[in-house]
Amino acid sequence: MAIFVLVHGAWGGSYGFRKVRGPLRAAGHEVFTPSLTGIGERAHLTSPQVCLTTHVTDVANTVLYEDLRDIVLLGWSYGGFVVTGALEHVGDRVAHLVFLDAFVPGDGDSVSGNTGGHGAGVLGGDWLVPPAPREYDDPAEAEWATARRTPQPVGCFTERVRLPRPLEEWPFTRTYIKATGEPRPEPGGPFWAAADRVRQSPAWRYREIATNHMIPSNRPDELARLLLELTLEGGALQGRV
């Protein structure tokens, strides 16, 4: 049995993984999808004080209070910042770290810094950043998901992440999964830059899924299969199957 902790992205909620949880659980594994404070189903808790540290704590406390160990920790999109920050608190409990079309930050990076102030909505006078538009393969899914996307406190995008040491120096397995279903823009942006970097590193595994950024909605079964394959390849299931 593997233990998956799947962390959603900006303006979203744990519901973004609702189509992925089923296949993973059907294969006999545990799945946790913590909700980040102030957005999605926890939008009622939003405030100007919500920031990246809040979301890092959401994830770290899920792992610590549930006493999860040898986990597969996945961050999607903005969730890449969250899982990176969580390593300071739960890094010794991670067997496999997965970035799903996500930021791969270094110590001291911020979302706004990685995007040049763009791509995270309008960072300005209001403390709430409106959701960026997203595209889905299924119009019904687009209508369903768009109605649930909520503004996000600006501190999540401007606060710098803390990373005690480079990702490559941690003992866990590292994988980057890139969405490749859209033409690569010019300039490529932070997700393509991350993909380019990890493809050149023997410390990383690299995989692709041919859809747009909304992988868990557009290709949930393919994503679940890939996660199970990567986990088995990495040996994270050894001794627990």
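Mentor: Start with the term cavity: a set of grid points where a 1.4 Å probe fits but cannot get out. The model is predicted. A search of the whole structure finds one cavity of 30 Å³ or more.

Trainee: What volume does the largest cavity have, and which residues lie nearest its centre?
Mentor: Its volume is about 170 Å³. Of 19 lining residues, G12, W76, Y136, R149 and M214 lie nearest the centre. By class, the lining divides into seven nonpolar, eight polar and four charged residues.

Trainee: What makes a pocket something other than a cavity?
Mentor: A pocket is an open set of points, whereas from a cavity the probe cannot get out. The largest pocket has a volume of about 710 Å³. Its lining counts 31 residues, with R134, P185, G188, F191 and H213 nearest the centre. Helix α7 gives the most, with four.

Trainee: Why is F191 called buried?
Mentor: Buried means under 20% relative accessible area. F191 has 16%, so F191 is buried. F103 has 7%, so the label holds there too.

Trainee: Why is the pair of F103 and F191 called edge-to-face?
Mentor: Ring centres must lie within 6.5 Å, and planes over 60 degrees apart count as edge-to-face. Here the centres are 4.9 Å apart and the planes stand at 75°, so the pair is edge-to-face. The pair links distant parts of the chain, 88 residues apart: F103 is in the loop between β4 (94-100) and α4 (111-114), F191 in helix α7.

Trainee: Why is the pair of W170 and F172 called stacked?
Mentor: Stacked needs planes under 30 degrees apart. The planes of W170 and F172 are at 15°, with centres 5.8 Å apart, so the pair is stacked. Both residues are buried. The structure holds eight aromatic pairs.

Trainee: How do you know that R148 lies over the face of W144?
Mentor: CZ of Arg must be within 6 Å of the ring centre and within 35 degrees of the ring normal. R148 lies over the face of W144, at 3.8 Å from the ring centre. K178 lies over the face of W192 at 4.3 Å.

Trainee: Last one: why is H29 called buried?
Mentor: Its relative accessible area is 11%, and the cut-off is under 20%, so H29 is buried. H29 sits in the loop between α1 (18-26) and β2 (30-32). A polar atom of its side chain lies 3.0 Å from the backbone nitrogen of A2. The H29 side chain also reaches the backbone oxygen of A27 at 3.5 Å.

Key: Residues are numbered from 1 along each chain as its sequence is written. This is a predicted model: local features need pLDDT of at least 70, side-chain atom pairs count only at pLDDT 80 or more; totals for chains, interfaces and linings use all residues. Side-chain values use heavy atoms; hydrogens and water are left out. On a 1 Å grid over the protein atoms alone, a cavity is a set of points where a 1.4 Å probe fits but cannot get out, and a pocket is an open set with protein on both sides within 12 Å along at least five of seven lines; lining residues have an atom within 4 Å of a point. Grid points are joined across faces, edges and corners, and a volume is the space filled by probe spheres set on the points. Helices (H or I, at least four residues) and strands (E, at least two) are DSSP runs, numbered from the N terminus. Ala, Val, Leu, Ile, Met, Phe, Trp, Tyr, Cys and Pro count as nonpolar, Asp, Glu, Lys and Arg as charged, and the others, Gly among them, as polar. Buried means under 20% relative accessible area, exposed over 50%, partly exposed in between (1.4 Å probe, protein chains only). A polar contact is a pair of N or O atoms within 3.5 Å; within protein, one must be able to donate a hydrogen and the other to accept it, and residues adjacent in sequence count only if both atoms are side-chain atoms. Rings of Phe, Tyr and Trp (its six-membered ring) pair if their centres lie within 6.5 Å; planes under 30 degrees apart count as stacked, over 60 as edge-to-face and the rest as tilted.
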